[in-house]
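Hi,

Here is the structure I promised to pass along. Have a look at it first, and then read on for what turned up.

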Amino acid sequence: MQPDPEPRSNQNWETTAMGVTDTTQQAFDRAQELKQFEESKLGVKGLVDSGLTSLPPLFVHPHETLSTLKPARPKPDSIPTIDLSCCDSFRRPSVVAEVGRAARELGFFQVVNHGVPTEVLDRTIAAVKAFHEQPTEVKARIYRREMETGVSFFTNYDLFHSKAASWRDTLQILLAPKLADVEEIPEVCRNEVLEWNQQVQRLGSLLLGLLSEGLGLSAGKLQELTCLETRVMLGHCYPYCPQPNLTVGMTSHTDPGVIALLLQDQIGGLQVKHGDEWVDVAPVPGALVVNIGDILQIMSNDKYKSVDHRVLANPNREPRVSIATLYNPSNSENEFGPFPELVSSDKPAAFRQFTFSEYKRRFFTKELGGKSLINYFRA
Ligand code: OGA
Ligand code: NI
């Protein structure tokens, strides 16, 4: 018997049509909600301050993400804390070995005795927190996504590229090569940001030296390739989240740049993927967190690992504050790729050569997360 195609195709058409109408409607509603949220310039903190008790649908993450949000198993020693004291003298070989091992195996480590006084750490966190705790209308004046002035306040840099928004606001300040207009840096944190910039320049140079040597290269190698010259500071605020099991503070991602240096307060929530497991990067008083970015994994020809990390939504009444400094090459038209010294017949180049401007273009047109950026440049 010949199947009668008519009714069946009709039925298919109806189902599909309903499906399409449904998702089109959902996409439309979401776009409206996004637009409204963006135009309100409230930020997530502003929503919380307005007394909101449940999550706007915009922030609800899909089941695949939410099902992994179990608290990480306590593994206090899995992210090493490396003592940097005397690393310019007699302890250098052992510090280089520790830094190199952490960069190869985990892609993450913490550092203590890094030379930044505790008062400076505390002051910087307090100043960024004070910025986010200002009234909404004060912060709204710099709510923008354009970077001309080098200073902007926004919710999720990938708000318009992601499937779900994350429970986090950011004050972004360009530190180098061209420091933001000083007058544009909010007064509540201006002096502290300028002081932080000095510290991250010095510490960045020290860390890049250790990481270069950890690859068997001369200490100045990464800096010669301009890896210290572009620095952006992200002053994140993870406000109290009324439904922390429906969203995240930051989705799982790898950092695109050379390295990231993170100052976090004592609340916690940062997790790193180690194998199939999520591991907490527990706050260590006085420590700074360092992690390898995609570009350094590429330059190291896969020796160093740029690993996935994320931040859980903050269930505490007190906002969590963290300050990430991202180090990038400044020479956008130079070619990047694995160091020739690290390429051999045993270990052929794992990535092709590319310019940093090509890399940036790719980064800013996709959602934060996954390995798709680095894999795009694989040989
Ligand atoms: C980042 C990041 C972690 C944190 O800014 O890329 O991973 O704890 N931040 O805020
Ligand atoms: Ni990151």
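**Strand E10 and its neighbours**

Strand E2 (residues 108-112) pairs with E10 in the antiparallel sense, over four bridges. Please keep in mind that this is a predicted model. Within that pairing, Phe-109 has Val-290 of E10 as its bridge partner. E7 and E10 also run antiparallel and are joined by four bridges, and here Leu-262 stands opposite Val-289 in E10.

E10 itself (residues 288-292) is mostly covered, with five of its five residues buried. Leu-288, Val-290 and Ile-292 point one way from the strand, while Val-289 and Asn-291 point the other way.

Which residues coordinate the nickel ion (ligand 2)? They are His-253 (NE2), Asp-255 (OD) and His-309 (NE2), at 2.1 to 2.2 Å. In sequence, these donor residues follow the spacing H-x1-D-x53-H. Asp-255 sits in the loop between strand E6 (248-253) and strand E7 (259-264), and His-309 is in strand E11 (residues 309-312), so to speak a link between distant parts of the chain, 54 residues apart. Both Asp-255 and His-309 are buried.

The residues around ligand 1 include His-253, Asp-255 and His-309, along with Leu-262.

- His-236, at 2.8 Å
- Tyr-238, at 2.7 Å
- Arg-320, at 2.9 Å

On its own, ligand 1 has 290 Å² of accessible area, and the protein covers 95% of it.

**Salt bridges**

The structure holds 11 salt bridges.

Arg-123 and Glu-195 meet through their side chains at 2.7 Å, N to O. This pair links helix H5 (residues 118-132) with helix H7 (residues 190-214), 72 residues apart. Arg-123 counts as partly exposed at 37% relative accessibility, and Glu-195 does too at 25%.

Helix H5 also holds Lys-129, whose salt bridge with Glu-318 is 2.4 Å, N to O. Because Glu-318 lies in the loop between E11 and strand E12 (320-328), the pair ties together parts that are 189 residues apart in sequence. Lys-129 is buried, at 19% relative accessible area, whereas Glu-318 is partly exposed at 41%.

In another salt bridge, the closest N and O atoms of Arg-378 and Asp-302 are 2.9 Å apart. Arg-378 lies in the segment after helix H11 (372-376) and Asp-302 in the loop between helix H9 (294-299) and E11. Finally, Asp-88, Arg-92 and Glu-213 are linked in a network of salt bridges.

Best wishes

Terms used
Residues numbered from 1 in each chain as written. Chains lettered and ligands numbered in written order. Predicted model: local features only at pLDDT ≥ 70, side-chain atom pairs only at ≥ 80, totals over all residues. Heavy atoms only, no water. Donors = N, O, S within 2.8 Å, 3.2 Å for Na, K, Ca; no water. Helix = DSSP H or I, 4+ residues; strand = E, 2+ residues; numbered from the N terminus. Buried < 20%, exposed > 50% of the residue type's maximum accessible area, 1.4 Å probe, protein only. Pairing = 2+ DSSP bridges. Near = heavy atom within 4 Å. Polar contact = N/O pair within 3.5 Å; in protein donor to acceptor, adjacent residues only side chain to side chain. Areas by Shrake-Rupley, 256 points an atom, 1.4 Å probe, with all protein chains shown as cover. Salt bridge = Lys/Arg side-chain N within 4 Å of Asp/Glu carboxyl O.
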